[in-house]
Amino acid sequence: MTHLQLIKLLSEYKDVIDLAYRSDEYSVDIVPQVLVDNMMFIKIGDKYKLNQNYILWVNSILDRVDYSIILGDYEKEHKELIKLKSRYISTNREHYKDEIISVIERIYMEFVYRDKSIASLLKKIENESSLEIDLLIEKANDILEMIGDLVEANLKLESSFIELQELHQDIKLKMMSINTQMYHLFQNISVYIDTLNSFIIQTKDKRRENQRLFKVANDILNEDDIYLDDKLMLYGSEAYYTLKYMRNSKVSTVIDVDSNIGSYLRDALSQLSLERVKKERADRVLPKLKVEPLDLIDIEEIIASLNQNGCDDLFIYLYGLDCIADKQEAFKVYLQLLTDEHIVYSEEFNQYNIKVIRWII
Amino acid sequence: MDYMKEAFEVLSKGIIISTGSQKYHNIANFLSVDENFEALKSVVDKIGYYLVGESGYFYLSKKGLLSREDVNYFVDRHKKTIVAISVLKQIFPVLSVNSVIKQSKFIVEYDKRGDELLRDKLLYLSSSEDIKTEVEELFSILQKSFVLEQNQRGDRDSYKVLSALSYYLKIVDSAF
């Protein structure tokens, strides 16, 4: 079969090929035998599955990619280059030089394909809408690991290419024709790693956001949401605007969400609790003791008398004075004189159970 | 100046305008320019309103006391919106601002899940037993809360997620 005949064959059976390509598993139940004979389909169990190479080629052209893709590290090609280089050096045969150029070209084309696949893969994962978040993070980590492995492989290939340039002018020319593009492809790997790392961080944030959202929603359903009522009511009383759009010209509310809603709430709540505490304390304050003036008693005269005569029990002395009306009044004067320098405390108590104090002259 | 007048007319109805909105893109673009935002802010400030502009959405706010009826309405409406967003996020977990979703795809995915909790949430939002009506009511709540906007041209099955989604997610976030 010629290449042109193959293209005609594909065109003739385009409908069944398209049906298989658009199916979930790239397979159909029945295909014309000629497509099986030409390896366009391979029978697996009861199904006929499209040739894997064809799927990869079409996906790369159509910018589609499967998560199951394996990104080549070209280790085999690298070994092949080393072998060819060694043979060329020992024999100096042109044949090996041509083979080296051919392998370099193949690696370059694979690099271009690989780069496009990675870009498609990142686009696919970033645009996932219904995949579970945990699964998405797992897949992103797998891709990151796969791309990370390529860094070392790239460095190995890069150094091999530099060495090969010195072997022959033709190899050098070939390398010069692809060098700039190869450099960009190597650089792209770093960009992809950065992109994936950012994506993983953002997706983890989204997972946390969803977990909180689901918890609050479940609490609402289970009527275990008093904490939400409190917060919403607090916001509602703090800020509102007219909601004609939703409520027939009646004044209603929306939350005035500022950029720091958490601290706003905490501040508001702390102010509320502070006011409450102040109020409780105010209720508990005892009335101040009423201080009765001792205007009718001349303290100075009493002190002068004590300084002149002295006494063995101050309270008895005071109680015995004509100017003192009763025991309570005697005790008040007694208290006022406690700090005087003439006072000497004893260990005894008098008949009124009051500490005996002597006034020394 | 015309846009300023238009912006005030729309905002004073209690509408949250998002930058990604097709319907209000002229006003959103106008308010996205700092000078315009500040100009309108100073105008509404004189009549006791506060123009809020953050995370890609704008709305008018005003402090004041509320009746119990208003508070209850406010709390109930926000709770329903939060539950509705959680339903949407269960079907489309990585959905974010500017995502475009299809109502038909939502129904297919919902059907595929067969999730009882999801069903309970829809029942909380709708009194209907019919899945199509339930989903329509869900989308209606989200549109009235300015979280979703139906495609204004062409495919009416498509809905865009607006920046106002962040407004509700911030409320949820503040509960923790």
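Which residues of helix H4 (residues 52-61) of chain A are buried? I started there, working on a predicted model.

**Helix H4**

I found the buried residues of H4(A) to be Ile55(A), Val58(A), Asn59(A) and Ser60(A). Next I looked up what covers them. The cover includes helix H2 (14-22), S3 and helix H6 (94-126) of chain A.

Then I checked the ends of the helix. At the N-terminal end of H4(A), I noted Asn51(A) as the cap. One of its side-chain oxygens lies 2.8 Å from the backbone nitrogen of Asn53(A). Just after H4(A), I came to Asp63(A), which has a positive phi of about 65°.

**The sheet**

S3 took me to the strands. I traced an open sheet of three strands in chain A, in the order S1-S3-S2. The pairing is antiparallel. S1 (27-28) and S2 (41-44) of chain A are the edge strands; each has a single partner strand, so one side of each has no neighbour in the sheet.

I then went through the pairing of S2(A) with S3 (residues 47-50) of chain A. Four bridges join these antiparallel strands. I picked out one residue, Lys43(A): its bridge partner in S3(A) is Tyr48(A).

**Ser27(A)**

Ser27(A) sits in strand S1 of chain A. Is Ser27(A) buried or exposed? I read 11% relative accessibility for Ser27(A); the cut-off for buried is under 20%, so Ser27(A) counts as buried. Leaving out residues up to four places away in sequence, I listed its contacts as Ala20(A), Lys47(A), Tyr48(A) and Lys49(A).

Methods
Residues numbered from 1 in each chain as written. Chains lettered and ligands numbered in written order. Predicted model: local features only at pLDDT ≥ 70, side-chain atom pairs only at ≥ 80, totals over all residues. Heavy atoms only, no water. Pairing = 2+ DSSP bridges. Helix = DSSP H or I, 4+ residues; strand = E, 2+ residues; numbered from the N terminus. Buried < 20%, exposed > 50% of the residue type's maximum accessible area, 1.4 Å probe, protein only. Contact = heavy atoms within 4.5 Å. Polar contact = N/O pair within 3.5 Å; in protein donor to acceptor, adjacent residues only side chain to side chain.
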